[in-house]
Amino acid sequence: SKAKLFDENTEVKTTFKDVAGLEGAKEEVQEIVDFLKFPEKYTTLGGKIPKGALLVGPPGTGKTLLAKAVAGEAKVPFFSLSGSDFVEMFVGVGASRVRDLFKQAKEKSPSIIFIDEIDAIGRARGKNAMSGSNDERENTLNQLLTEMDGFGTNTNVIVIAATNRADILDKALMRAGRFDRQIFVDLPNLSERKAIFEVHLRPLKKAPGLDIEFLSKQTPGFSGADIANLCNEAALIAARTNKKAVEKQDFLDAVDRIIGGLERRSNLFS
Ligand code: ATP
């Protein structure tokens, strides 16, 4: 089957209320929502609307979710692709894919382009002698920079990129007029974990008196994605024994299972 060039979602349902915690980051991206909704308000004094923002933070902290919520709040189409998809691509495909993506997004403007794992294409140039596909990656990166530089003043496409490795990115990406805004998306603290639990417990049949504070205290270091995964696991564990509701013990069993997974993950990387 033919690989899809990128994803296009013209009716994003995600809004800020789906994003728990991340108050600072939400405040910062609210500005992008305003740029998309009321561009004239911002350009009237001769200012130029920013073209790009970079979401920086550990895996699973809600960067994709937040970018999608910007599109949902502004009611604009969401075009997305992942930098890691480029890794196995044939010569010449990366740059043309970027070109097509921007062409579509401009036709449907105002719109958002989201590039997940931008580090896969945006690593500092000429520092990866091991990789044979370096030229292809550089072509893709150059095309991305060319597209962003080519935006006219009234294009109204905003490019949001995400990475957990801002330190390895090519500095050219961060230059003024490109991804010149960095927004940090961190692991949740206790009260933020509570808020994330509230979101992901909502669809579950919970045993009465289930203590969210307790669950939040049992999960230091968990990302939002880990908590979403935990709630789902707990529901499956409870269902396996035909329970009518998900109980505290199911969550504790799920915590054990997920911490086991996290430990394997960190052994892999250490
Ligand atoms: P990665 O860097 O691995 O791509 P990410 O930061 O983009 O991760 P998301 O893909 O947005 O993380 O998060 C995965 C899922 O975890 C979300 O779809 C959501 O279900 C849950 N999640 C993560 N963060 C939050 C949050 N702050 N509030 C609610 N749910 C969250």
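The model is predicted: local features need pLDDT of at least 70, side-chain atom pairs count only at pLDDT 80 or more, and totals for chains, interfaces and linings use all residues. Residues are numbered from 1 along each chain as its sequence is written, and side-chain values use heavy atoms, without hydrogens and water.

**Stop 1: helix α1.** Select residues 23-37. Helices here are DSSP runs of H or I, at least four residues, and strands are runs of E, at least two, numbered from the N terminus. Helix α1 has 15 residues and reaches 21 Å from first C-alpha to last. Its buried residues (under 20% relative accessible area, 1.4 Å probe, protein chains only) include A25, V29, I32 and F35. Show their surroundings: they pack against elements including α2 (39-43), α3 (63-74) and β4 (111-116).

**Stop 2: aromatic pairs.** The whole structure holds three. Ring centres must lie within 6.5 Å; planes under 30 degrees apart count as stacked, over 60 as edge-to-face and the rest as tilted. Select F35 and Y42: their centres are 4.8 Å apart and their planes at 85°, so this pair is edge-to-face. F35 is buried at 6% relative accessibility. Y42, at 27%, is partly exposed, a class that runs between buried and exposed (over 50%).

Next, select F78 and F114. Their centres are 5.8 Å apart and their planes at 20°, so they are stacked. F78 lies in β3 (residues 78-82) and F114 in β4, so the pair ties together parts 36 residues apart in sequence.

**Stop 3: K248 and F214.** The charged end of K248 sits over the ring of F214, 4.2 Å from its centre. That label needs NZ of Lys or CZ of Arg within 6 Å of the ring centre and within 35 degrees of the ring normal.

Note on methods
The expected span of a helix is 1.5 Å times one less than its number of residues. Contact means heavy atoms within 4.5 Å. Rings of Phe, Tyr and Trp (its six-membered ring) pair if their centres lie within 6.5 Å; planes under 30 degrees apart count as stacked, over 60 as edge-to-face and the rest as tilted.
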